[in-house]
Amino acid sequence: MRVTFLGTGSAMPTGERFQTGIVVEDDGRRLLVDCGSGVLQRLQQSGVGYENVSTVLLTHHHLDHVADLLPLLKARWLAGEEHLEVVGPSGTKAFLDDLLSVYDYLDGRVDLRVREVGAREFSVAGFDVEGFETRHSMPCLAYRLGDEFTFSGDSEAFSGLANFADGCAVLAHDCSFPDEVDVSNHPTPGQLGEALSGADIGRVYLTHLYPHTDGKHEAMLNSIGDRYDGDVRFAEDLLSVEL
């Protein structure tokens, strides 16, 4: 399995980090998880290409996770691709219907299939996936793909989510702000380290990084390390990890 971080930024992206998107590939199967602003460009830069992404799995519907969804649909239509599947939490169908009511010229241009999932096991794009409800300001799901990869989506750090990822080779976890920022709905390094303490995870990548984290990476890693002794690194746009 190969995991490529397309966007590791947030709703306040920097020049180096676009908004959230991760592509998972394994044995000819390909799945895009979230599709924030800049992900369409990163797909081209990564060599994957929007023509080769026919399934998108959404963690939730905040703008920085879905902004390039209709641009992806339009690009696939213009390239002659005939279908796109969008899978996500409850409300995904109504969300897509509302988007297409605004951009009605895109309605019907491709065979758009929408499916809603929840905190349970399901299959998508040939992958077996398990969903887990996170703690965010709107309904959001974390996803685990076997023992290889778990993505937290947007979430506060808590032991239930750490337990959900336990035994996984790679966990990509939201770590939006340094410790000195008072925040809810996202974790700080100290909170994340506390939640991960005792978990057995091969490697943790920090993502969904706000500009507030610039210049604070070493301090953030030290804060996590005070509570969790596992392998923790910062994700970067276009970083690929082979599992």
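Leaving aside neighbours within four places in sequence, Val-56 is in contact with Leu-32, Asp-34, Cys-35, Leu-69, Leu-72, Leu-84, Glu-85, Val-86 and Val-87, where contact means heavy atoms within 4.5 Å. A word on the basis: this is a predicted model, in which local features need pLDDT of at least 70 and side-chain atom pairs count only at pLDDT 80 or more, while totals for chains, interfaces and linings use all residues. Residues are numbered from 1 along each chain as its sequence is written, and side-chain values use heavy atoms, with hydrogens and water left out.

**The cores**

Val-56 is also among the residues with the most contacts inside the largest nonpolar core, which has 25 residues; Leu-32, Cys-35, Leu-43, Leu-69, Leu-72 and Leu-84 are on that list too. Such a core is a set of buried Ala, Val, Leu, Ile, Met, Phe, Trp, Tyr and Cys residues joined through side-chain atoms within 4.5 Å. Buried means under 20% relative accessible area and exposed over 50%, with partly exposed in between (1.4 Å probe, protein chains only).

Helices (H or I, at least four residues) and strands (E, at least two) are DSSP runs, numbered from the N terminus. The largest share of the core, 5 residues, comes from α3. Apart from this core lies another, of 24 residues, including Leu-57, Leu-141, Leu-145 and Phe-149.

In α3, the buried residues are Leu-69, Leu-70, Leu-72, Leu-73, Ala-75 and Arg-76. Gly-80 follows this helix, with a positive phi near 85°.

Which residues of α4 are buried? They are Thr-92, Phe-95, Leu-96 and Leu-100. Among the elements covering the buried residues of α4 are α2 (63-66), α3, β5 and β6 (111-116).

**The sheet**

Now to the strands. An open sheet with mixed pairing is formed by 7 strands in the order β7-β8-β9-β10-β11-β12-β13; two strands pair if DSSP finds at least two bridges between them. β7 (121-124) and β13 (232-234) stand at the edges with a single partner strand each, so one side of each has no neighbour in the sheet. Strands β8 (residues 127-133) and β9 (residues 141-145) run antiparallel and are joined by 4 bridges. Glu-130 stands opposite Arg-144 in β9.
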